[in-house]
Amino acid sequence: MSGYIDYANRLPTDKDLLVCLFQRGAADGLNSLVPYTDPDYYAQRANIAVAAPGTQGGAIDLDGRFALHPALAPLKTIYDSGQLALVHATGIPHNSRSHFVAQDIVERGVSAKPLPSNGWLGRHLSLNSTNNGSAFRIVSISGNVPVSLHGASEPLAISNLTEFGFSQEIIDSGYTDVLGNLFHDQIPLAAPAQAALSAVTELQAAELQSILPEHGALYPATDLGKKMQQTAQLVKSNLPVEVICIDAGGWDHHENLPGNLQQSLTDLADSLSAFQTDMADLMQRVTLFVMTEFGRRVAENASVGTDHGTGGVAYAMGGGVNGGQVITDWPGLSTADLHLGEDLAITTDLRTLLAELLNKRLGGTDLSQVFPGFTGPTTANLFLD
């Protein structure tokens, strides 16, 4: 296949390619990963709870305690194969219910003020730079550089790979050569302009349009589905990509949680399942991590939805994941057990998961600089060495 290279031979053997997916808007973890053996779940959510496994339209049992929302059914096969694990009651402890504040805290990896100017992933990458000379080492398929990547050297933000660059007609006309000569070192903005032109040249040479889904993978025709398909194209290309960040919006379900969450989870499951199928053996060298800024309130609201909460769910998928398990120190959903009397308490700090990810799958790092001030555990048995 044109543009294809064996990914396993492209990067050092002690590193995975990281795909980091952020569920913007605060995904409802309690209906995504249902604690169906906790009776307070059904008491708190009389109108929106997902039925227990074994009932019509019920959740899909994972381990006798927790079950997947029916819309996440495509992920069950990945879970059973040992390449998917989920962590419940996770997040970074703080008391803000603001999306913007919480996203800032999660992406910077620090909860105490003053917050650093850079992000946790940017700090890791700056400490462990490979300097591979490519504009595609660090890519955000979201149109902007997420805060988590701030501090990294020259991350590339592209909203849509298929629309990035120039047409062949323009290239053949010599216009890009003219631009290259125009933006020389002595004028302002020369460096970013040259970087953009370099990225266009690299992408043109990679011929991503010829890299098609394989092994019967069918991506949904949604924003997330298209982003995951483009992620697969980058992984299978000859571009030396190391990190890909993706945003998935639309998770702020204050109203009609059953219907809206069904739609969002269907999109997530179909997109991730297609990516897993498309990757096949390449998944042994890819780690996909899914997080959100916080979970939702335990009790349903008057609009048959849920409001901003605390503890949420994280997903890890890939050949280096210690999968087939739900990891949690379950805090319980009785009123006495709830954070602030309303929320699922956080019992596993998200930074524990990210620290383990960096150390076990991305070649190691200086955790004191990546997560300054964090003194919690640095492993939760989520990843393989």
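Predicted model: local features only at pLDDT ≥ 70, side-chain atom pairs only at ≥ 80, totals over all residues.
**View 1. The largest cavity and the residues about its centre.** The count of cavities of 30 Å³ or more comes to five, and the largest of them has a volume of about 100 Å³. Its lining is made up of 14 residues, of which Phe 22, Arg 24, Glu 107, Pro 146 and Ser 148 are the closest to the centre of the cavity.

**View 2. Composition of the lining of the largest cavity.** Sorted by class, this lining holds seven nonpolar, four polar and three charged residues. Strands β1 (17–23) and β8 (243–248) each supply at least two residues of the lining, and the largest share, three residues, comes from β8.

**View 3. The two faces of strand β1.** In a regular strand the side chains alternate between the two faces of the sheet. For β1 both faces are covered, with Leu 17, Val 19, Leu 21 and Gln 23 buried on one side and Leu 18, Cys 20 and Phe 22 buried on the other; in total, seven of the seven residues of β1 are buried.

**View 4. Strand β1 and its partners β9 and β8.** Strand β1 runs parallel to β9 (residues 286–292), to which it is joined by seven bridges, and within this pairing Cys 20 stands opposite Phe 289 of β9. The pairing of β1 with β8 is likewise in the parallel sense and extends over six bridges, with Ala 248 in β8 as the bridge partner of Gln 23.

Methods:
Residues numbered from 1 in each chain as written. Heavy atoms only, no water. 1 Å grid on protein atoms, 1.4 Å probe; cavity = no way out; pocket = protein on both sides within 12 Å on 5 of 7 lines; lining within 4 Å. Points joined across faces, edges and corners; volume = space filled by probe spheres on them. Helix = DSSP H or I, 4+ residues; strand = E, 2+ residues; numbered from the N terminus. Nonpolar A, V, L, I, M, F, W, Y, C, P; charged D, E, K, R; others polar. Buried < 20%, exposed > 50% of the residue type's maximum accessible area, 1.4 Å probe, protein only. Pairing = 2+ DSSP bridges.
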